[in-house]
Amino acid sequence: MRCPYCFRDEDRVVDSRTVDDGDAVRRRRECLACGRRFTTFEKVAEDTKIVVLKRRGARESFDREKVAQGMRAALKNRPFSDSEIDALAADVEEEIRSFKEEVTSQEIGQIVLRRLFEVDEVGYMRFASVYKGFERLQDFTEEASFVSPAVLEKREDDRDVGE
Ligand SMILES: [Zn+2]
């Protein structure tokens, strides 16, 4: 998203909420170049249907509510409102839309995992343990390796600010 102040287009989302009964997402963004914050309203695109390819060749249409349910379970008792979780699910849908019209359920799981990793460690672990059938602590540390170094760096920054 292009920064309205310095016109660079690298930013991070600091807060997301659904508005208009879930038809749009309001995002608070922080420009990575100049550090200023701005707000965007994005309509959730619903023109193209995404096809989910299941195991054994079954196909079904993508259902954002299913993603939201999975995330709600992972974020149970964590500090996230329904609207924030719906926005996270909308992020997942948007990311899938940005690359293709067909997606495997496994790819959806990976995107959900990465999004959870960015916002909440506990939620991420819960989802990963169900999704991947994790049993040992080592499984979790190995799992973290798929996450891009940029995300890890960002998390380091956040920690510095918080302390
Ligand atoms: Zn900027």
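**Ground rules.** I'm working from a predicted model, where local features need pLDDT of at least 70, side-chain atom pairs count only at pLDDT 80 or more, and totals for chains, interfaces and linings use all residues. Residues are numbered from 1 along each chain as its sequence is written, and side-chain values use heavy atoms, with hydrogens and water left out.

**Whole chain.** Of the 163 residues, 34% are buried (under 20% relative accessible area with a 1.4 Å probe, protein chains only; exposed is over 50%, partly exposed in between). I find six helices and six strands, taken as DSSP runs numbered from the N terminus (helices H or I, at least four residues; strands E, at least two). Along the sequence they run β-β-β-β-β-α-α-β-α-α-α-α. I also checked contacts (heavy atoms within 4.5 Å): among those with a separation of 6 or more, 45% join residues 24 or more positions apart.

**Zinc site.** Which residues hold the zinc ion? I get the SG atoms of Cys-3, Cys-6, Cys-31 and Cys-34, at 2.3 to 2.4 Å. Donors are N, O and S atoms within 2.8 Å of the metal (3.2 Å for Na, K and Ca); water is not among the atoms, so sites may look incomplete. The angles among the four donor atoms are 104 to 118°, and the site is tetrahedral (for four donors, all angles between 85 and 135 degrees). For my own reference, the ideal angle for four tetrahedral donors is 109.5 degrees. The donor spacing in sequence is C-x2-C-x24-C-x2-C. Cys-3, in the segment before β1 (11–19), and Cys-31, in strand β2 (residues 24–31), link distant parts of the chain, 28 residues apart. I checked burial too: Cys-3 and Cys-31 are both buried.

**Glu-30.** Buried or exposed? Glu-30 sits in strand β2 and counts as buried because its relative accessibility is 17%. Leaving out residues up to four places away in sequence, I see Glu-30 touching Glu-10, Asp-11, Arg-12, Val-14, Gly-35, Arg-36 and Arg-37.

**Helix α1.** The buried residues of α1 (residues 64–74) are Arg-64, Val-67, Ala-68, Met-71 and Ala-74. They cover an arc of only 120° around the axis, so they lie on the same side of α1; the arc is that of the directions from the helix axis to the C-beta atoms. These buried residues pack against α2 (82–99), α3 (105–119) and α4 (121–132).

Key. Tetrahedral: all angles 85-135°; square planar, octahedral: opposite > 155°, others 65-115°.
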